[in-house]
Amino acid sequence: MAASEHRAPDLARLERIMARLRGEGGCPWDREQTLASLQRYLVEEAYEVLDVMAGEDPAEHREELGDLLFQIVFQSQIRREQGAFVLADVVDDISDKLERRHPHVFGDESAADAGAVAARWEELKKAEGKGTFDGIPRALPALMRAEKVGKKASRLGFDWPDVEGPLAKLDEELAELRQAIASGDATAAAAELGDLLFSVVNVARHLKADPEAALDRTTERFLARFRYIERRLAETGRRPEDTSLDALDALWNEAKAALAGGTAPEGA
């Protein structure tokens, strides 16, 4: 066990650094930031953590977690300056919530499995005055938000019994999208496209597949295949934009076969 595991985190030091950065004679950039201006940085840092979580480098993971923690400390400092709350309040609030929402660990209740824990979690939220869909951030990526909404509705019994239901809905929504496109109504087509995407998310949920991750993997496959196409064209001094669609399609099929068989050129 590493010695650092025995060391209490020095959050007070981090708070002092943040206060100095924001204080008189501190950093001009840090001093001019607001809660509104920090929103983009919070999102960026969260995505950078996600990136390193997919890797194998714990040092990078630790560094990115530190950057994310800094955003929390930064926002807490701004609220401190407003007289609203301090970082210690944030820590106390989440500690209280975790103990309150885990009575099977910190109380005298029991839970048979993860499903029972999730059901009890929802009951406790309602007891605290939280609505069914409260806590689902509006700013979540659309696929992730749709999945969470679907899961919440399912827990209330508003769901199909199996995947055949959302699959049939998918066919229905696709037909409606085709009709809207044929009508020339762009607004209606966009609305039907949204319905189709929501249905796809419901199919993914029933398959216990993460739609965000599934789409990301597909995007990565697309990029790998297209890079293969660019490399093959470059071998003869050509570019994709100067190549016919039929030729590109033939190279696409070649890329699919080559990458599936592990025979792609290095760097493709």
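On a 1 Å grid over the protein atoms alone, a pocket is an open set of points with protein on both sides within 12 Å along at least five of seven lines, while a cavity is a set of points where a 1.4 Å probe fits but cannot get out. Lining residues have an atom within 4 Å of a point. Grid points are joined across faces, edges and corners, and a volume is the space filled by probe spheres set on the points.

Welcome to this predicted model, where local features need pLDDT of at least 70, side-chain atom pairs count only at pLDDT 80 or more, and totals for chains, interfaces and linings use all residues. Residues are numbered from 1 along each chain as its sequence is written, and side-chain values use heavy atoms, leaving out hydrogens and water.

**The second largest pocket**
- This pocket holds about 330 Å³ of space.
- Its lining includes Gln39, Leu42 and Tyr47, and also Leu68, Pro137 and Met144.
- Helix α3 (residues 35-53) contributes the most to this lining, with six residues; helices here are DSSP runs (H or I, at least four residues), numbered from the N terminus.
- Eleven of the lining residues are nonpolar, one is polar and none is charged (nonpolar: Ala, Val, Leu, Ile, Met, Phe, Trp, Tyr, Cys and Pro; charged: Asp, Glu, Lys and Arg; polar: the others, Gly among them).

**The largest cavity**
- The count comes to one cavity of 30 Å³ or more, and the largest cavity has a volume of about 50 Å³.
- Around the largest cavity sit Glu15, Met18, Val73, Ser76, Gln77, Arg80, Val86 and Leu87.
- Two or more lining residues come from each of α1 (11-22) and α4 (58-81), and α4 gives the most, with four.
- By class, this lining has four nonpolar, two polar and two charged residues.
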